[in-house]
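Hello,

Here is the structure I promised to hand over. Please open it and keep it beside this email while you read. My notes follow below.

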Amino acid sequence: MSILVNRKSRIVVQGITGGEGTFHTMQMLDYGTNVVAGVTPGKGGSVYKGNDRDHFRRGVPVFNTVEEAVKQTKADTSVIFVPAKFAADAMMEAAQAGISVIVCITEGVPVRDMVQVHEVMTRTGARLIGPNCPGIITPGECKIGIMPGFIHKRGSVGVVSRSGTLTYEAVWQLTERGIGQSTCIGIGGDPIIGTQFIDAIRLFNEDARTKGIVMIGEIGGTAEEEAAAYVKKHVKKPVVGFIAGRTAPPGRRMGHAGAIIAGGKGTAAEKMAAMKRAGILVVESPARIGETMEKALKGKKAGVKKGVSRVKKGTKSAAKAGRRSGVKKGASRKKK
Amino acid sequence: MNIHEHQGKEILRRFGVPVPQGRVAYSVDEAVESARQIGGEVWVVKAQIHAGGRGKGGGVKVARSLDEVRQFASDILGMILITHQTGPEGKKVNRLLIEQGVDIARELYVGVTLDRASSRHVVMASTEGGVEIEKVASRTPEKILKEFVDPAVGFQPFQARKLAFGLGLTGEAFRNGVRFLSALYTCYHEMDCSLAEINPLVVTSAGDVLALDAKMNFDDNALFRHPDIVGFRDLGEEDPLEVEASKSNLNYIKLDGNVGCMVNGAGLAMGTMDIIKLAGGEPANFLDVGGGASAETVESGFRIILADPHVKAILINIFGGIVRCDRVATGVVQAARHISVNVPIVVRLAGTNAELAAKILRDSGMNFRVAGSLRDAADQVTQAIAA
């Protein structure tokens with residue numbers, strides 16, 4: 001199991017013939033992602049095999065509109081590589097065409113455009129990931145985005161993050177320890193994004209294969225606090241968290257458009273405190289994400305063994321108690 | 001992007017938002033001449049810097065004669081103005097705004113910004129004008145009225161009326177207030193503002209409603225739609241190193257610490273700063289070199305980091321995903337040779353071909369401290385600053 005995307009996902013690449021679109025489509029095809037179509041207005045009817053530099057292992061049919069691509073290829077997931085000026089239009093086109101998961105990689109989409117896009121997504125029920133994000137990957141099944149495939153490993157930890165390379169760092173720490181991932185989602189660093197922490201965590205919580213969750217936040221906004229409240233109420237799986245930007249000065253945008261402490265709000269300290277209150281294993285250093293999850297999973301296994309057999313009999317509370325003690329073990333170790 | 005108050009008011013005027021009559025002045029004589037042309041008996045001399053709290057810092061004075069205008073203008077022009085937003089080093093005042101004095105009956109607050117939690121624009125109003133709105137928000141949040149804007153239809157007249165009634169406006173002031181709010185929202189929306197804040201909004205005894213101050217910020221991602229706003233950029237208000245970095249397409253923010261850092265990706269860059277702090281240092285900067293991290297970008301990065309004399313060590317942290325670590329390592333060696341860096345450099349490269357990269361760094365004959373993991377990098381930084 002995984003969340004949102006798997007080997008059956010049928011991908012359409014919007015902006016497939018551009019430089020970025022070409023390069024990353026090649027990488028996605030090499031990973032084994034089921035890319036069924038591309039869209040570039042005006043180039044419909046052709047079969048695209050890459051450019052002079054980047055050659056695809058197989059041709060991809062190109063359509064003028066997403067609607068046509070959906071009709072002809074039954075595409076259900078889209079990934080967007082079009083320039084920022086046209087990204088909002090591309091996202092809305094995908095939603096109107098009935099695409100259910102839309103991944104927007106493009107960085108630099110104006111907020112005014114995103115307010116409208118957000119409204120359209122809410123109305124159509126389409127799920128947007130991003131913009132300004134690395135994308136989503138279910139290791140061993142499909143890679144939709146720009147993340148390096150080889151750092152991932154199939155497994156049972158869900159990763160959700162606002163960052164790109166910091167996510168790779170966390171994933172790498174897991175993989176190096178032999179801990180695989182169910183699905184990794186980069187939700188993006190902009191002030192308005194489609195999928196929030198809380199959405200991803202809810203999906204991971206409901207996914208039977210996901211045994212633990214890593215959430216990597218950063219300064220700005222209150223999405224981490226909202227997710228923490230959800231975790232406190234609903235999540236029994238171990239959650240390891242990190243917030244980047246403890247040393248960031250207020251009032252300055254730290255690279256990401258959404259990473260800013262405004263009016264004293266959105267500090268790392270506030271977020272970390274809210275997450276700790278929710279029972280999340282908060283690490284002070286991003287170097288400790290992997291080892292903390294490793295300990296949490298071990299603690300959990302030891303504690304849950306009994307619980308699992310009891311769950312079958314229908315007593316949920318025993319399992320809960322076992323898992324809780326596992327989380328606590330991890331937490332006390334971390335403090336040392 | 002930030003602009004000056006006088007530029008903000010010029011934009012507001014374009015959208016029919018009432019502002020006091022005013023002129024910008026770069027010299028004392030210009031200031032006096034501006035006051036003469038504006039006419040009347042009372043003027044306000046206002047320092048123009050990109051920071052709030054100017055009044056408390058002595059950068060805003062009310063003049064009751066042209067002689068006083070001259071006096072205040074010469075006091076304020078060239079002064080180093082220190083406010084809670086400038087930091088202890090303050091900012092030099094190079095221009096003034098001379099405005100007509102306004103007969104103030106009430107001081108209110110209105111602002112338009114993005115509400116991230118709902119992903120909608122929000123128009124806020126408060127009777128607590130003239131004070132820091134953050135304080136009002138934390139102490140008496142019920143005193144801030146909010147109207148969220150439906151993206152499908154925009155800010156509606158009934159919402160403007162609700163806010164105007166909520167502010168206790170009546171008669172002529174009510175009608176003017178409603179018009180003001182609608183015009184302010186249109187300006188905010190059309191100009192891709194990230195903030196349009198009027199504090200104070202004043203009501204005169206004649207019932208006029210005016211923006212006495214104006215703070216306007218713009219969405220950098222939307223500047224391609226507004227070349228006129230780009231023209232308002234005042235490089236004198238920005239850190240010279242940051243201006244230099246932006247020319248090389250580097251995302252650099254200067255900080256006060258002693259360990260410089262160079263990282264690919266904004267999140268990892270923030271995380272690396274946090275690691276420096278945990279290792280016992282203080283980050284000297286934020287620097288995101290982007291995905292490529294070529295020899296040229298690394299070289300510009302070195303140049304900018306080393307221009308800060310407080311830097312005692314540099315930590316390079318690159319996660320090579322799509323970009324190969326050996327190429328980054330070759331770039332780092334080339335750049336370091338070219339610039340002759342004389343502080344310890346800790347290099348941590350992870351991802352594709354990381355081992356080959358470590359070998360390149362070790363075999364370079366230069367004194368790199370090569371770190372395998374993030375944790376190792378932190379320890380190496382601790383050692384480097386202790387040495």
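**What I found**

Start at Pro131(A). Pro131(A) sits in the loop between strand S7 (127–129) and S8 of chain A. Strands and helices here are DSSP runs, numbered from the N terminus: helices are H or I with at least four residues, strands are E with at least two. The peptide bond from Gly130(A) to Pro131(A) is cis, with omega near 10°.

Two notes on the source. This is a predicted model, in which local features need pLDDT of at least 70 and side-chain atom pairs count only at pLDDT 80 or more, while totals for chains, interfaces and linings use all residues. Residues are numbered from 1 along each chain as its sequence is written, chains are lettered from A and ligands numbered from 1 in the order in which they are written, and side-chain values use heavy atoms, with hydrogens and water left out.

**Chain A**

Chain A has 10 helices and 14 strands. Of its 336 residues, 62% count as buried. Buried means under 20% relative accessible area, exposed means over 50%, and partly exposed lies in between (1.4 Å probe, protein chains only). Now take contacts, meaning heavy atoms within 4.5 Å. Among those in chain A between residues at least 6 apart in sequence, 74% join residues at least 24 apart.

Next, the sheet. It is open and has 7 strands, in the order S9-S8-S11-S10-S12-S13-S14 of chain A, with mixed pairing. Its edge strands are S9 (142–145) and S14 (281–282) of chain A, and each pairs on one side only. Two strands pair if DSSP finds at least two bridges between them. Strand S8 (residues 135–138) of chain A and S9(A) run antiparallel and are joined by 4 bridges. Gly135(A) has Gly145(A) as its bridge partner in S9(A). Helix H1 (residues 19–31) of chain A packs on this sheet and touches S8 and S9 of chain A. The direction of H1(A) makes about 170° with that of S9(A). For such angles, axes are lines fitted to C-alpha atoms (for helices, over the stretch in contact), and angles run from 0 to 180 degrees between N-to-C directions.

How do helix H7 (residues 223–234) and helix H8 (residues 268–277) of chain A cross? Their axes come within 8 Å and cross at roughly 5°. That makes H7(A) roughly parallel to H8(A). Under 35 degrees counts as roughly parallel, over 145 as roughly antiparallel, 65 to 115 as roughly perpendicular, and the rest as oblique. The residues in contact include Ala228(A) and Lys232(A) of H7(A), and Ala274(A) and Met275(A) of H8(A). The contact residues divide into 4 nonpolar, no polar and 6 charged. Here Ala, Val, Leu, Ile, Met, Phe, Trp, Tyr, Cys and Pro count as nonpolar, Asp, Glu, Lys and Arg as charged, and the others, Gly among them, as polar.

Helix H6 (residues 197–206) of chain A has buried residues too, among them Phe197(A), Ile201(A) and Phe204(A). The cover over the buried residues of H6(A) includes S7, S10 (154–161) and H7 of chain A.

**Chain B**

One open sheet in chain B has 4 strands in the order S1-S6-S2-S3, with antiparallel pairing. S1 (22–25) and S3 (60–63) of chain B stand at the edges with a single partner strand each, so one side of each has no neighbour in the sheet. Neighbouring strands are turned by 20° against each other on average, direction ignored. Helix H2 (residues 28–38) of chain B packs on this sheet and touches S1, S2 (43–47) and S6 of chain B.

Then look at the hairpin of S7(B) and S8(B). These strands run antiparallel and are joined by 7 bridges. Val112(B) stands opposite Val123(B) in S8(B). The hairpin has 4 residues between the strands, and Ser119(B) there takes a positive phi near 55°. Is Ser119(B) buried or exposed? At 4% relative accessibility, Ser119(B) counts as buried. In S8(B), 6 of the 7 residues are buried, so this strand is largely enclosed by the rest of the structure.

Asn249(B) also has a positive phi, about 60°, although it is not a glycine. Asn249(B) is exposed, with a relative accessible area of 69%.

Last, a cis peptide bond joins Asn199(B) and Pro200(B), with omega about 10°. Pro200(B) lies in strand S10 (residues 193–204) of chain B.

Best wishes
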